[in-house]
Amino acid sequence: MSSEYQLSLNDYISILRRRAGLLAATFAGIFTLAVAIALLVPPVYQSTGTIMVESQQISADLVQSAVTTYAEERIEVIRQRVMTRENLLRIIDKYGLFKDSRTSYTPSELIDEMRASIVIELLNVNANMPSRPKGNATIAFKLSFEHRDPVLAHRAANELVTLFLDENVKVRTERAVQTTEFLTQEADKLKIDLENLENQIATYKQEHGNVLPENMSVSMNAMQRIESELREVERDYKSAQEELRFLDVELSSAKAGIGAGQGTGVALSPAQELDRARSEYARLTSTYTENHPDVRAVKRKIEQLESKAGASEGSGVRTTGDLMVAKVEAKMASAKARVASLGQQQGALRQRLNTLEKDIIKAPQVERGLSTLMRDHQNAQKKYEEIRAKQMTAQVSENLEGDKKAERFSMLEPPVLPDKPIKPNRKKMIALGFFLAIAGAAGLAMVLESMYGGVRGVEALEAIINRRPMAIIPYISLDAEERKRKALIKKILIGLAVAVVASLVAVHFLYLPLDILLMKILARLS
């Protein structure tokens, strides 16, 4: 056929007449198949429960919860924990779900089928919250389960809703307990560190007690006192040395037979020497105190003379010269002992003075080390107080979760036994089948015409030969062709009758009983 020729309406009508039987058969077959599929597809029931997310009953300004995640995040976490392999297999075995598929499906395929049957739908509301200036806040969510058996769908939905509610309490409680335990462990660690620092500070103060900043004034006073004592001991030491030199001269004079106190060559008697010493003691005490070295030397001399005078009077053996020598030697022994004692005192005082000077020199370093320890102690104390405050807050949050005063999930609408399936939508399937039947029949006719088409009609022939035919011979039908045509028409009518009956049956069972539908039509017409 020439590409320049365009089919007219008469051509399309002619095609429909020639292919009427094929079109009717194709339409009836596709539509019947669609109706059969719509009727034979098993129904799926859905049981849905609504869970509301209740806010914290006590103001968050007073008690801060340990669980601060958003509701949708917790719902997703709970969903992952509930829909584990173990839980789903337990529910499948408990209620005998998917009995028809258990022989042909593996456990993993059953679990996938179970997960595909669970539907969670979040119900949000626009919220102007400081932490979430844009977006929605979840106030509730729906948990649904789909199954071919409405009873099993209801039971499984109840089981899943119970698991969600229990798991939410478990998750929040576990998180609050874990937070408290963690903060308690951290507080114990910081307490140990704080005690170690306190022990270090105590040990450091014991080791450097005299050099500590708070003891520097005491050390300076002690240093001044030791310097004063040292000056006094040095003065006594010089006086004792002078006295020792004087006694040495006196001893030499006594041994040579010369009186220490006379130039006449006559030795003084002990009584005279004692009187002379007493006169000297009286003269010195009028000028100096009892602690003056000269006064103390004369006093010791008097005591020695008194003891020697008593001994000489009792014995009467020694001569006056021997007594003088013995007296001077006794004085020298006492003076030497005093010099040695004062020297030892000088050494001890100088050693103490040197020790204090070294301590004072070390004072800045000691103060620096003590400042470092005190700073570490203050930081540790601050951290310990902060973690203790957080621990108390976490404990209050744990009590809040235990008393169910925090944010919680509550049952708003429990799952109900479904009374009608949610899918398949048989009306849409039948309507879709109707249009597919029309499209399929028309498409088949067009394909056949394009494959096996000939030259039909005067216009088509004229378009090919570019001339008008001289005569037109009409088509003469035979009796056999007439019988075939009638048989075809009969089949078409039967097919249409079957299709009408099938449509009426589908409407009766899937949409509305025919008697009720007829009454509604009559009521509207009246």
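**Helix H6 and its partners**

Guide: Helix H3 passes helix H6 in a right-handed crossing, the near helix being turned clockwise from the far one by less than a right angle. Helices here are DSSP runs of H or I with at least four residues, while strands are runs of E with at least two, numbered from the N terminus. The model is predicted, so local features need pLDDT of at least 70 and side-chain atom pairs count only at pLDDT 80 or more, whereas totals for chains, interfaces and linings use all residues. Residues are numbered from 1 along each chain as its sequence is written, and side-chain values use heavy atoms, with hydrogens and water left out.

H3 covers residues 71–82 and H6 covers residues 150–207; the two pack at about 115 degrees with axes 9 Å apart. Axes are lines fitted to C-alpha atoms, for helices over the stretch in contact, and angles run from 0 to 180 degrees between N-to-C directions. H3 and H6 are therefore roughly perpendicular, a label for angles of 65 to 115 degrees.

From H3, the residues that meet H6 are Arg74, Ile75, Ile78, Arg79, Arg81 and Val82. On the H6 side they face Leu160, Leu163, Phe164, Glu167, Asn168, Lys170, Val171, Arg172 and Glu174, contact meaning heavy atoms within 4.5 Å. By class, this contact of H3 with H6 holds seven nonpolar, one polar and seven charged residues. Nonpolar covers Ala, Val, Leu, Ile, Met, Phe, Trp, Tyr, Cys and Pro; charged covers Asp, Glu, Lys and Arg; the others, Gly among them, are polar.

A salt bridge joins the side chains of Arg81 and Glu167, at 3.0 Å from N to O. Arg81 belongs to H3 and Glu167 to H6, so this pair ties together parts 86 residues apart in sequence. A salt bridge requires a side-chain nitrogen of Lys or Arg within 4 Å of a carboxyl oxygen of Asp or Glu. Arg81 is partly exposed at 30% relative accessibility, whereas Glu167 is buried at 13%. Buried means under 20% relative accessible area, exposed over 50%, and partly exposed in between (1.4 Å probe, protein chains only).

Helix H4 (residues 85–95) also packs on H6: their axes come within 11 Å and cross at roughly 145 degrees. This crossing, too, is right-handed. Arg90, Ile91, Lys94 and Tyr95 of H4 make the contact with Leu152, Arg155, Glu159, Leu160 and Leu163 of H6. Five of the residues in the contact of H4 with H6 are nonpolar, none is polar and four are charged.

Arg90 and Glu159 form a salt bridge, with their closest N and O atoms 3.2 Å apart. Since Arg90 lies in H4 and Glu159 in H6, the pair ties together parts that are 69 residues apart in sequence. Arg90 is partly exposed, with a relative accessible area of 36%, while Glu159 is buried at 13%.

Leaving aside residues up to four places away in sequence, His377 touches Leu194, Leu197, Glu198 and Ile201. His377 is buried, with a relative accessible area of 16%.

In total, the structure holds seven salt bridges.

Note on methods
Parallel < 35°, antiparallel > 145°, perpendicular 65-115°, else oblique.
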